[in-house]
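Have a look at the model below and follow the chain from one end to the other. Then let's walk through a few spots together.

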Amino acid sequence: MPLRALASANQLAERIKELNCLYGISNLFENQDVTLPWIMQRAVELIPAALQYPENACARLRLDGKEYTSAKFKPTRWRQNTKIILNDTHIGDVEVYYLQATPDADGSPFLEEEERLLRAIGERLSKVLWLKRSEEALRESEERYRVLTEQVAEG
């Protein structure tokens, strides 16, 4: 196989890994009656597999004072992060680390596409968070309405 075709095949494989990660994170919310911590833990476990060197990668998600980490998590100097923003407020972070220097790390060990992927993950997680909080607010509102209507009926 010519070198150029091999490079294109590698690039395609990397984009497929990234899409699988985003698809997996998007699907987490489709599970009914799952908690936000469950979603966040599963999301952070999906991230390392989407990176160029998954066997050398780990991830951490910080949200509302809680921390979720992938397997073999260890903070290192080879780090990239993005903020999770909800209603213009910084509420958390998604961080990825390489456990060791990567073979081709002249500058940043992360590909430009990985930086975009991390931003997309942050955006997806903020949408999931918004939906979960909206769901909870709706449940609370329905409960208040139910209690109110029961009290009115008794009066």
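N87 sits in the loop between β3 and β4; helices here are DSSP runs of H or I with at least four residues, strands are runs of E with at least two, and both are numbered from the N terminus. Because its relative accessibility is 61%, N87 counts as exposed. For that label, exposed means over 50% relative accessible area, buried means under 20%, and partly exposed is in between, with a 1.4 Å probe and protein chains only. N87 also has a positive phi of about 50° although it is not a glycine. Most residues other than glycine have a negative phi. K72 is another non-glycine residue with a positive phi, near 50°.

| Residue | Phi | Loop |
|---|---|---|
| N87 | about 50° | between β3 and β4 |

A quick word on the ground rules: this is a predicted model, where local features need pLDDT of at least 70 and side-chain atom pairs count only at pLDDT 80 or more, while totals for chains, interfaces and linings use all residues. Residues are numbered from 1 along each chain as its sequence is written, and side-chain values use heavy atoms, leaving out hydrogens and water.

Now zoom out. The protein has three helices and four strands, and from the N terminus on they run α-α-β-β-β-β-α. Its C-alpha atoms fill a box of roughly 80 × 30 × 25 Å along the principal axes. Of the 155 residues, 37% are buried.

What about the inside? The largest nonpolar core has 34 residues, and M40, I47, L61, V94, I121 and L125 touch the most other members. Such a core is a set of buried Ala, Val, Leu, Ile, Met, Phe, Trp, Tyr and Cys residues joined through side-chain atoms within 4.5 Å. Helix α3 gives the most to this core, with seven residues.

Which residues does I121 touch, not counting those up to four places away in sequence? They are C21, L22, I25, I47 and V94, where contact means heavy atoms within 4.5 Å.

Is S126 buried or exposed? With 11% relative accessibility, S126 counts as buried. Leaving out residues up to four places away in sequence, S126 touches I84, I85 and L86.
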